[in-house]
Amino acid sequence: MSSKPDLTWMYTQMVRIREFEERVKRTFTDHPGVIRGHTHLADGVEASIVGSVSTLREGDQVLATYRCHGYPLAMGTSADAMMAEIYGKATGLCKGIGGSMHLTDPANGFLGTSGIVGQGIPHAAGAAWAAQIRGNQDVVLSFFGDGASKQGSFHETLNVASLWKLPIVFVMENNGYNVVTQSFQEDANAAAGQDLSIKATGYAMPGVTIDGGDPVAVHEAVGAAVQRARDGEGPTLVESKVYRLSAHGNLIAPPGVPLHYPEHEAIEVFGDTEQYAAALRGDPVPRMRGRVVSEGVLTSDEAERIAQEARDEMQAAVQFGLDSPYPELDEALAYVHAS
Amino acid sequence: MSRELPYIAAIDEAIHQEMARDETVLYYGQNLATVENAPFVSDFGADRVRVTPISETAEIGMAVGAAMAGLRPVVELYMAEFMLVAMDQVTNEAPRMRAMSGGQVKVPLVLKAGYGFAAGWAGQHTGVITNMFLGVPGLKVVAPATPADAKGLMATAIRDDDPVVFLHHYLLTLVHGDVPEGEYLVPFGQASVRRTGGDVTLVATGWMVDRALAAAELLAGEGIEAEVIDPRTLAPLDMPTILSSVEKTGRLVLVDQAPRHSAVSGVIAGEVAEHGFGLLKAPIVQVTALDATVPYSEPLEAHVLPDEDRIASAVRSVLGTAPVAA
């Protein structure tokens, strides 16, 4: 619940996401060919994800983007099923058909993703309309990146969501980059030195900008927005400033070339080693670990034990994925139609 | 029991009946329900019937999300071309979600749109763009040609658990016909044989069905009996009915209001060429629109579209009684 954040839970979930993503990344070198296509990691964004979903209760729902590994992990989805999905296996969360970009777990409130930038935003608003009709004060969180706010779907959806007072919170994870383009190169507000949350004023809804590296700050800001949505007062745009610590995705290359993660764009494209070094200094996971220990929430040993459990859990997920069989071939046609 | 209704009223009746039957059905779109006593909103309330901004991406995208969350949205889009500004949602979101989730979600929604308004609407509102929705696994496409089918296919579309593009032909809007009262469902994937005949098979959709029937009457005067088939649903497509007719007639003329390379007739021709080649006594002929943006000027508009004379000429050509039509 949004009133009192559970710092131990937050730290645990953040570490679990980090350890999961580290193992996805490592799979490219440890087990070449096991992960196909394009994979997008949430390392660096853990505090924003965990702080946001910590505000949810039973009946609430989340929709997100192709950078989707963090949310379901924090919402109760099995790491084994997630890793197996990313490995294209029969035991995968989506039976190996969705892959890394399309994790879906409606049983745990994670309704799905779109791999096309900005296009999941109206899906979330549609789910929020359904929540409004149910009348149980359920809320939907819509996650997307700063780049998506240049898509028409963002503007169309914020307008109608505000007009209809839909119970939705738009969480823009601003990681400063649209793939390899920095925000000030493609966003008029950013170029003018404004926060991107100013876009909310165009749609008569509150807009706030927060430090997405602090899960408690995220919890408070998103929690206030969630409460506003529950109370029938409509949507809020939360700009959560984060820094993704990995490149946008793994290398895009034709088969035959092994895939791996290049250096972050700050270094690879812009040669800005100081920007990246500063991001590492602000890494939210060690920051949170320092906080729970210094505030006496956990002892140093307890923090390490939680981290070790996360490592063990995620290493087991890797093994589960590797050991799982590929789907039967007729599965390719099994889910095309519902009726 | 049935009575006469215009095509458009038959569609409205299906939506109304389904909304009364199932409270998860939504109906919304631009310029709909702007006053409290508007039809639908007075019966079903503002939760389920809403006017939207001119925002097709949001309208269709919200339908996807609402459907995933358990509702059955019907989106009033007015003109099929308006879907083009939201094509990602139509062809790359709605039909993908079920598969990508490994069957965990379903996306029951209906995109209701008129098409083919060849009545002086010029280049951007007259198209027959059905082909743009075909060949998308997971997406169903229906195109009724009669008031009864319009009602029955809309009811089936709303109850279907997959996304359906419901294309109603603008030139049929006020055409009257017998429409069954009460619950009436027309199954998907089941063609309607509108006229029987042993000499040639004519397959036509939408407004072209009436033109094919008129051509068949013309030909009957010459002693040629045409069988006229309306597939009614383009995806799924009832190939068995078409193939068994070709088995009887040995000749196939396909009529389509779309330009030649974007017509469903090309899909049917391909299937018959592959699965019914040995049945054919003459080459398949397609009578389609000319490859042109539909002109505004009336004689030019008429010139680019198939009419009964062009259809009749094509039939004569496959029967060897006239040269192949241009």
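Predicted model: local features only at pLDDT ≥ 70, side-chain atom pairs only at ≥ 80, totals over all residues.
Residues are numbered from 1 along each chain as its sequence is written, chains are lettered from A and ligands numbered from 1 in the order in which they are written, and side-chain values use heavy atoms, with hydrogens and water left out.

**Stop 1: salt bridges within a chain**

Keep the pair on screen and display the distance: Asp283(A) and Arg18(A) form a salt bridge whose closest N and O atoms are 2.8 Å apart, the term requiring a side-chain nitrogen of Lys or Arg within 4 Å of a carboxyl oxygen of Asp or Glu. Arg18(A) belongs to helix H1 (residues 7-30) of chain A, whereas Asp283(A) sits in the loop between helix H10 (273-281) and helix H11 (284-294), so distant parts of the chain, 265 residues apart, are linked. Helices (H or I, at least four residues) and strands (E, at least two) are DSSP runs, numbered from the N terminus.

Next, move to chain B and select Asp162(B) with Lys140(B), whose side chains meet in a salt bridge at 3.0 Å, N to O. Asp162(B) is in the loop between helix H6 (147-159) and strand S7 (164-169) of chain B, and Lys140(B) is in strand S6 (residues 140-142), 22 residues apart. Both Asp162(B) and Lys140(B) are buried.

Then select Arg159(B) and Glu183(B), a salt bridge with its closest N and O atoms 2.8 Å apart. Because Arg159(B) lies in helix H6 of chain B and Glu183(B) in the loop between strand S8 (176-180) and strand S9 (192-195), the pair ties together parts that are 24 residues apart in sequence. Arg159(B), at 23% relative accessibility, counts as partly exposed, while Glu183(B), at 58%, counts as exposed.

**Stop 2: where the chains meet**

Select the residues of each chain that touch the other, with heavy atoms within 4.5 Å: 39 residues come from chain A and 40 residues from chain B. On the side of chain A that touches chain B, the elements that give two or more residues are strand S1 (61-65), strand S2 (110-114), helix H5 (120-134) and helix H6 (152-163) of chain A. Of these, H5(A) supplies the largest share, 10 residues. Although 36 salt bridges are counted over all chains, the count between chain A and chain B is zero.

**Stop 3: two helices of chain A**

Select helix H2 (residues 46-53) of chain A, where eight of the eight residues are buried, so the helix is largely enclosed by the rest of the structure.

Finally, select helix H12 (residues 300-323) of chain A, whose buried residues include Ala303(A), Ile306(A), Met314(A) and Val318(A). What covers the buried residues of H12(A) includes H1, helix H3 (70-75), helix H4 (79-86) and H11 of chain A.

Methods
Buried < 20%, exposed > 50% of the residue type's maximum accessible area, 1.4 Å probe, protein only.
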